[in-house]
Amino acid sequence: ATIEEELREALASGSGLKVHYQPQVAAAGQPVIGLEALVRWQHPSRGLIAPDQFLPIAEETGLILQLGDMVLRQACAISLRWPDLFVAVNLSQAQFRTPNLAERIIRIVRESGADPCRIELEVTEGVLLGDSLTRDTLKRLRDAGFRIAIDDFGSGHSSLSYLSRYEVDKIKIDRSFVQHLGHRVDRDSAAIVKAITTLGHTIGLTVTAEGVETEEQRRFLATSGCTELQGHLFARALPEDKIASVIKGNR
Ligand code: G
Ligand code: G
Ligand code: MN
Ligand code: NA
């Protein structure tokens, strides 16, 4: 069977695909405040497959819509279980090609009983640079109460214009900038991180840093004014049954 057929089968049977959750912490004091849903595929013969290896196929074949539904349903269930946390879900640019994406998402969340205000939707810069259909979809989602985060900020075709043109709530600074904040702090990355943080705060956005791996990075980011931090220093993406101990340990 091709990967596409196997993916279709996994989605139809509801087995194999699962969602892991990576905690996000407040920069101040580091309690866990949110979770990012990250899909995984436990393949019967190929082992654990990373999203980079099957998301492109899901996007090309349109299976990303069903996959997105599955992830969102699970994220809603987690949200109900942890009502004090927000749960972040990634949306691919390909999902925005469907004309009723906003209604689809709103319906799933409503059926689950979760509060849209506790669900954050992560989109990349490419989505924000999209057409009027995409803009309309994002506006309808935000009007329904969802929070919108710009994922991998600074890594794509950055245009500062959409920060004012669109209503977004959060910037997630791409981990490539964070990675270079080492023992010997890289001066350019440090300046970029500080500039993004200042810009974000000035226009009222939450600023999250991704890919935080070291204590030096954490300290620099907290001092620079980042609101939230995410990365292996705190926790990796974990299966549902492993997150409780991390959340409780961090409160
Ligand atoms: O978890 P990991 O670093 O391997 O994720 C790799 C990429 O896959 C990231 O860019 C992430 O945003 C994306 N990704 C993970 N889960 C989902 C998902 O449920 N939907 C979409 N659209 N992208 C996801
Ligand atoms: O594109 P997006 O930001 O959604 O991708 C998130 C991905 O980053 C996940 O696949 C996750 O596994 C990965 N990730 C999370 N924390 C770290 C980290 O501290 N270091 C590295 N290298 N990757 C991370
Ligand atoms: Mn993300
Ligand atoms: Na990201």
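Modeller: Helices are DSSP runs of H or I with at least four residues, strands are runs of E with at least two, and both are numbered from the N terminus. The model is predicted, so local features need pLDDT of at least 70 and side-chain atom pairs pLDDT 80 or more, while totals for chains, interfaces and linings use all residues. Residues are numbered from 1 along each chain as its sequence is written, and chains are lettered from A and ligands numbered from 1 in the order in which they are written.

Biologist: How do you know that the span of helix 4 agrees with its number of residues?

Modeller: The expected span is 1.5 Å times one less than the number of residues. Helix 4 (residues 101–112) has 12 residues and should therefore span 16 Å; the C-alpha atoms at its ends are 17 Å apart, in agreement.

Biologist: Which residues of helix 4 are buried, and what makes you place them on the same side?

Modeller: A residue is buried if 20 or more other C-beta atoms, placed from the backbone, lie within 10 Å of its own, exposed if 12 or fewer, and partly exposed in between. In helix 4 the buried residues are Leu101, Ala102, Ile105 and Val109. They cover an arc of only 100° around the axis, so they lie on the same side of helix 4; the arc is that of the directions from the helix axis to the C-beta atoms. In an α-helix there are 3.6 residues a turn, so residues three or four places apart point the same way. Arg107, Arg110 and Glu111 are exposed on the other side of helix 4.

Biologist: Why is Trp41 called buried, while Ala222 is called partly exposed?

Modeller: Trp41, in strand 2, has 22 C-beta neighbours inside 10 Å and therefore counts as buried. Ala222, in helix 10 (residues 215–224), has 18 other C-beta atoms within 10 Å and so is partly exposed.

Biologist: Which residues are in contact with Trp41, leaving aside those within four places in sequence?

Modeller: They are Ala10, Gly16, Leu17, Ile49 and Phe54, contact being C-beta atoms, placed from the backbone, within 7 Å.

Biologist: What makes strand 1 and strand 2 a pair?

Modeller: Two strands pair if DSSP finds at least two bridges between them. Strand 1 and strand 2 (residues 32–43) are joined by 9 bridges and run antiparallel; Val19 has Val39 as its bridge partner in strand 2. Strand 1 also pairs with strand 9 (residues 228–229), in the antiparallel sense, over 2 bridges, with Ala26 opposite Glu228.

Biologist: How do you know that strand 1 is mostly covered?

Modeller: Of the 10 residues of strand 1 (residues 17–26), 7 are buried.

Biologist: What is the make-up of the shell around ligand 1 by class?

Modeller: A residue is near a molecule if its C-beta atom, placed from the backbone, lies within 6 Å of it. Ala, Val, Leu, Ile, Met, Phe, Trp, Tyr, Cys and Pro count as nonpolar, Asp, Glu, Lys and Arg as charged, and the others, Gly among them, as polar. The shell around ligand 1 has 9 nonpolar, 2 polar and 1 charged residues, including Leu38, Asp52 and Asn90. Around ligand 2 the division is 3 nonpolar, 5 polar and 5 charged.

Terms used
Two residues are in contact if their C-beta atoms, placed from the backbone, lie within 7 Å.
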